[in-house]
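Student: I am new to this entry. Please show me how to read its main features.

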Amino acid sequence: MTPFTGILTSLLLASTLYAADSADLALRTQATNSEPAILIEAGKPIGKVSPLLYGLMTEEINHCYDGGLYAELVQNRALLDDPTTPVHWSMVASGSSASIQLDDKQPLNSALPMSLRLNAPEAEETHPVGIANEGYWGIPIKADTRYRASFYAKAAPGFTGGITVSIQSPDGATVYAQGKAEGISQEWKQYEVVLQTGKLNPTTKARYVLSIQKPGTIWFSLVSLFPPTWKDRPNGFRKDLIQMMLDLKPRFLRFPGGNYLEGDTVKNRFDWKKTVGPISERTGHMGPWRYRSTDGIGLMEFLTWCQDMQAEPILAVYAGFSFKEQLKAGPELEPFVQEALEEIEYVTGPVSSKWGAQRAKDGHPEPFKLHYVEIGNEDFFDKANTYDARFTQFYDAIKAKYPDLNCISSVNPIDPPQKWVRSRKPDLLDEHLYHSTEEFLGIASSNYDKYDRKGPKIFVGEWASREDKKIRPMNKAMLTQAATGSMKATLGDAAFMTAMERNSDLVLMQCYAPLFVNVNEGAWQWRPNLIGYDALHCYGSPSYYAFKMFSTNLGDQLLRVVSKDTSVLACATRDSKTGEVLLKLVNAQSTPQALKIQINGVTAVGSQGTATILSASPEETNTLEQPMKVAPKNSVVKGIRNSFSYEVPANGIVVLRLKTR
Ligand code: AHR
């Protein structure tokens with residue numbers, strides 16, 4: 001008896017859902033006579049699917065935090081973005097001799113040493129004088145919404161008025177919400193005002209104004225405005241962007257970079273200790289992507305973000321390599337090794353430890369879970385080739401104190417072995433792949449298949465496909481393209497995802513990068529990106545939906561898939577609890593591809609399954625205006641048997657959920 005007739009016999013005994021009528025039998029007999037294009041060996045899983053396979057990578061790039069996920073609406077709130085001029089601020093005055101100026105003689109504290117001085121020799125009810133902030137490409141405003149305004153202020157002697165706080169149209173003609181802070185004294189004090197909007201049409205075309213109606217000189221610092229945030233946290237995140245991430249069901253979050261971890265210089269690395277505690281004590285720093293970061297999203301925020309998503313933190317620690325400065329292994333590096341150990345203690349230590357106590361003071365007595373630490377980022381760019389020695393120093397110190405932590409090394413897979421970490425065996429290697437669609441299609445059917453299963457596991461910590469091989473992610477010409485990719489790029493992405501999932505016994509984790517982009521002109525430095533937004537709206541690129549299709553349809557058993565005479569790429573997993581086979585198919589051709597699909601090794605196949613299909617012309621994409629132009633559609637697929645025909649649409653990505661037992 002062949003395996004196929006065995007299945008046939010079992011099917012005849014199966015329940016109604018799985019039973020076959022005589023027409024089915026004829027078809028099946030016919031199907032078994034010709035070879036399938038896609039053969040799924042469902043009876044003998046070839047491995048376990050990594051439960052962490054699909055996750056997210058994040059760093060401050062493209063105004064991903066400031067002007068993005070971090071819900072702060074005021075740009076340059078601490079007046080440190082430019083030491084010469086109060087950028088993003090302007091004066092609001094009607095016919096008076098007022099002025100505004102940066103002032104380092106009236107610091108709020110040593111962390112925020114600059115203030116904004118408003119000098120208004122004349123001001124009255126009908127002629128208020130103030131300062132206005134333009135926000136991150138506009139102050140977004142919605143109807144019936146409460147905004148939390150806060151600022152530090154002090155007045156020169158003689159000032160007797162209050163400060164009016166408002167959100168208004170750029171010309172000041174329409175006031176959307178207004179409140180007042182009274183009792184401005186000659187000492188620095190924080191003031192908080194709730195601004196409540198009524199009925200209005202949502203817009204990003206608004207400004208945030210603090211004004212006085214009596215003459216005086218006022219200094220301002222840490223001027224802030226928050227809309228309602230995720231879980232209503234005071235220093236919180238944008239709700240819509242968190243939801244976009246939750247919908248992807250991410251199993252981990254890699255942070256804080258990327259180049260943002262390293263910075264251009266040692267001083268501008270992600271210096272974690274400066275990112276915790278009250279925001280009035282966070283100086284912020286210059287990021288590598290040509291703008292300053294407020295550090296409003298600091299280590300604690302990253303950790304609670306992971307917790308909120310129930311995602312495993314993948315903590316990258318600074319390892320002595322910055323873009324324009326590199327440290328040598330040995331005594332010079334030792335303080336940074338200690339800094340990393342202290343960071344791990346902050347994350348995981350008991351409250352009785354020094355840094356665990358600091359974490360408790362910062363509001364989180366409970367230690368966070370941590371299983372993975374990445375040592376550096378893209379250290380293969382270190383021309384002095386010191387990574388092996390630096391990695392070893394970190395690895396030994398981390399493993400000595402935290403033997404259960406997995407240490408990840410970065411690697412460029414095409415580098416010669418002398419550039420890899422050799423002195424220690426990293427637990428995982430972090431590979432970054434930014435390729436064109438054609439390149440990903442070229443490697444998708446073979447990548448990772450031949451990797452040594454006894455070697456380190458693989459973490460694809462950054463990857464993305466672009467439409468045009470010549471226009472690289474940071475090439476100036478990319479600014480003429482959209483910040484998020486088109487369906488063509490998505491086909492490359494999906495093809496590569498089949499390779500990673502097919503090898504998910506080895507590839508433990510993978511994440512697309514960059515995750516976020518503020519699509520306003522001047523806001524971004526890299527393309528393509530997964531999720532785009534302005535101050536008010538957001539959307540997922542077609543690749544976002546492809547990623548979602550992959551990450552939310554994952555079994556725990558890895559199945560062997562044999563393809564024959566087809567350009568359609570495939571991978572399959574099975575859910576051991578439900579018996580469902582989850583088959584992913586990618587057709588990058590411009591014509592539909594009819595496939596014969598066969599499932600071996602199961603007793604019966606349900607006659608009805610579901611298909612999630614993403615298909616569009618290569619140039620089609622999503623935008624703020626048309627956020628769902630390219631989005632998946634669900635349908636029921638009937639007439640499924642252990643061997644059946646299925647047509648994958650042109651430029652199409654399909655997830656089939658098939659019942660088996
Ligand atoms: O994802 C954008 C950048 O690409 C990252 O910061 C860096 O690690 C890589 O070169």
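**Ligand and cysteines**

Tutor: The ligand sits in the largest pocket. A pocket is an open set of points on a 1 Å grid over the protein atoms alone, where a 1.4 Å probe fits and protein lies on both sides within 12 Å along at least five of seven lines; a molecule sits in it if more than half of its atoms lie within 2 Å of its grid points. This is a predicted model: local features need pLDDT of at least 70, side-chain atom pairs count only at pLDDT 80 or more, and totals for chains, interfaces and linings use all residues. Residues are numbered from 1 along each chain as its sequence is written, and side-chain values use heavy atoms, with hydrogens and water left out.

Student: Which residues surround the ligand?

Tutor: A residue is near a molecule if one of its heavy atoms lies within 4 Å of it. Those surrounding the ligand include Glu59, Asn259, Trp289, Glu462 and Trp526.

Student: Which atom of Glu59 lies 2.4 Å from the ligand?

Tutor: A polar contact is a pair of N or O atoms within 3.5 Å. For Glu59 a polar side-chain atom lies 2.4 Å from a ligand oxygen, and for Glu462 a side-chain N or O atom is 2.7 Å from a ligand oxygen. Asn259 uses a backbone N or O atom, 2.8 Å from an oxygen of the ligand.

Student: How many disulfides are there?

Tutor: A disulfide is a pair of cysteine sulfur atoms within 2.5 Å. The count here is 0. For Cys64, the nearest cysteine sulfur is that of Cys511, 13 Å away.

Student: Is Cys64 buried or exposed?

Tutor: Buried means under 20% relative accessible area, exposed over 50%, partly exposed in between (1.4 Å probe, protein chains only). Cys64 is buried because its relative accessibility is 2%.

Conventions:
Polar contact = N/O pair within 3.5 Å; in protein donor to acceptor, adjacent residues only side chain to side chain. 1 Å grid on protein atoms, 1.4 Å probe; cavity = no way out; pocket = protein on both sides within 12 Å on 5 of 7 lines; lining within 4 Å.
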